[in-house]
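Dear colleague,

I am handing over the structure below, together with some notes on what turned up when I went through it. Please read the notes alongside the coordinates.

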Amino acid sequence: MPQLFKIFAAIVLSASLTPSSHATEDKTKTASDKDAQAIAVEAYIYGYPLVTMEISRKVMTNSIKPQETGGKLSAPMGQFCNVREYPTAAFKDVVSPNADTLYSSAWLDLKKEPYVLSIPDEKDRYYLFPMLSGWTEVFDSPGKRTTGTKAQKYAITGPGWKGNLPKELKEIQAPTNMVWIIARTYSTGTPEDFKAVHELQNQYILTPLSSYGKPYTPPAGNIDPAVDMKTPVVEQVNKMEGEAFFKLLADLMKDNPPAAEDKEMVEKLAKIGLVPGQDFDVKSQSPAIAKAIQAAPKEGLLKIQGQMKTAGKEVNGWQFLINTGSYGTNYLQRAFVTLIGLGANLPEDAIYPRTTTDSKGTPLSGANKYKIHFDKGKLPPVKGFWSLTMYTPKDFFATNALNRYTLSARSDFKYNADGSLDLYIQHDNPGKDKESNWLPAPADDFHLMFRFYWPEDDIINGKWKLPPVNLSK
């Protein structure tokens, strides 16, 4: 875990035509259709992250109480779900999951009131509390890199909130009422360290501001049987028809307003009937707009998927997505990152180079054997940690006999005599002497992703080069 449209003037011109201007009328109608389609596709790309966040929220909060087992990110609104173990291949809640940290996930609705977030003393452990707006922008990110590891308390307030806060609380103002906190706490994966992280997770507390300083028991949640809990979120969004997609987008923009820099896009949205704060009814639009709305998801999704080619810079076959977590008006990049890795961090916190091909440009396949070679002293330069993860084409873990989905700095590697390190990526076990360095691949297609948490400047500026994935005998 890339990432992700002029009809009004044409309508005005068309309305001013006389009945005798048949040739001009046909030409204008064609241009009107074309403009409506272009705007609708842009609108789809623009709204893709917000709609994806909403479907994710519905799925991940559709529970009576927090789910603490099975690797599920599920808890009622305003409560943390603390994942107690690494995800398995059965995990389908979020694309491109990691098996390096234990997630603590919570969804907030700030429309009624702010929430207070309490973080305990992490005792120098690496952790990260990125907060995402409804548009997937990371608007704040408490953690070891930014705020240190001592105990902290924050009041997370919604857009436009005014009020007084206790002096011990630091205000974090969210740009939208929908907020997703997707915290990560590093663990070595041993039973002892899992226990230590669990004790920290138990102290990750969310409290409505009105209940702060008072005894508070989170209310039980509700289960909506209409919520699809089986189909992965990304598939649900990608299958939505145009009318349903844009109606939901309009509803969501009521509580999750566009950013100030979205002014030009908001003006475009109005030309196809999408106005923040108002309902959207495709039946009240012109035939050209209605047609464009229905067709937009197909073309929009193709554009989002096509962003893979230009979403970052390529280094030895690896695609580096530097532009994550904060996108400005780069809506296509934002949608693309939503598609492949919802919940992506700021590059200062994490960079996720990925590849679908080997060093020759051939798609990765379990029918082949591969090797990644690091010279002595050339492992990824990070202040947090690094890992290499195997994914299926749908961005989930690949089932294997070892239940091993990553290789990382915590792995018990076997180094070469000269101090270099070889990582083996293949379907079959390479043998006991190499098994510690083996990342099991599925029998068919797959792709790889590195994670560099708290990367040093040499990674961010490109001075350090990630080795290629080479075919191996």
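This is a predicted model: local features need pLDDT of at least 70, side-chain atom pairs count only at pLDDT 80 or more; totals for chains, interfaces and linings use all residues.

Residues are numbered from 1 along each chain as its sequence is written, and side-chain values use heavy atoms, with hydrogens and water left out.

To return to Gln79, its relative accessibility of 10% makes it buried (buried means under 20% relative accessible area, exposed over 50%, and partly exposed in between, with a 1.4 Å probe and protein chains only). If neighbours within four places in sequence are set aside, Gln79 is in contact with Pro66, Ser105, Ala106, Leu206, Pro218 and Pro219, where contact means heavy atoms within 4.5 Å.

Most residues other than glycine have a negative phi. Asp124, in the loop between strand S3 (115-119) and strand S4 (127-128), has a positive phi near 70°, and it is exposed, with a relative accessible area of 53%. Asn316, which sits in the loop between strand S11 (313-315) and strand S12 (318-320), also has a positive phi, of about 55°, and counts as partly exposed at 40% relative accessibility.

Lys283 belongs to the loop between helix H7 (263-271) and helix H8 (287-306) and is exposed, its relative accessible area being 67%. Its side chain makes a polar contact with the side chain of Glu243 at 3.3 Å (a pair of N or O atoms within 3.5 Å, of which, within protein, one must be able to donate a hydrogen and the other to accept it, residues adjacent in sequence counting only if both atoms are side-chain atoms). From C-alpha to C-alpha, Lys283 and Met308 are 35 Å apart in space, and they are 25 residues apart in sequence.

Finally, there is an open sheet of four strands with mixed pairing, in the order S19-S18-S15-S21, where two strands pair if DSSP finds at least two bridges between them. Strands S19 (438-440) and S21 (470-471) stand at the edges with a single partner strand each, so one side of each is left without a neighbour in the sheet. Strand S18 (residues 421-426) runs parallel to S19 and is joined to it by three bridges, with Ile425 standing opposite Leu439 in S19.

Conventions
Helices (H or I, at least four residues) and strands (E, at least two) are DSSP runs, numbered from the N terminus.
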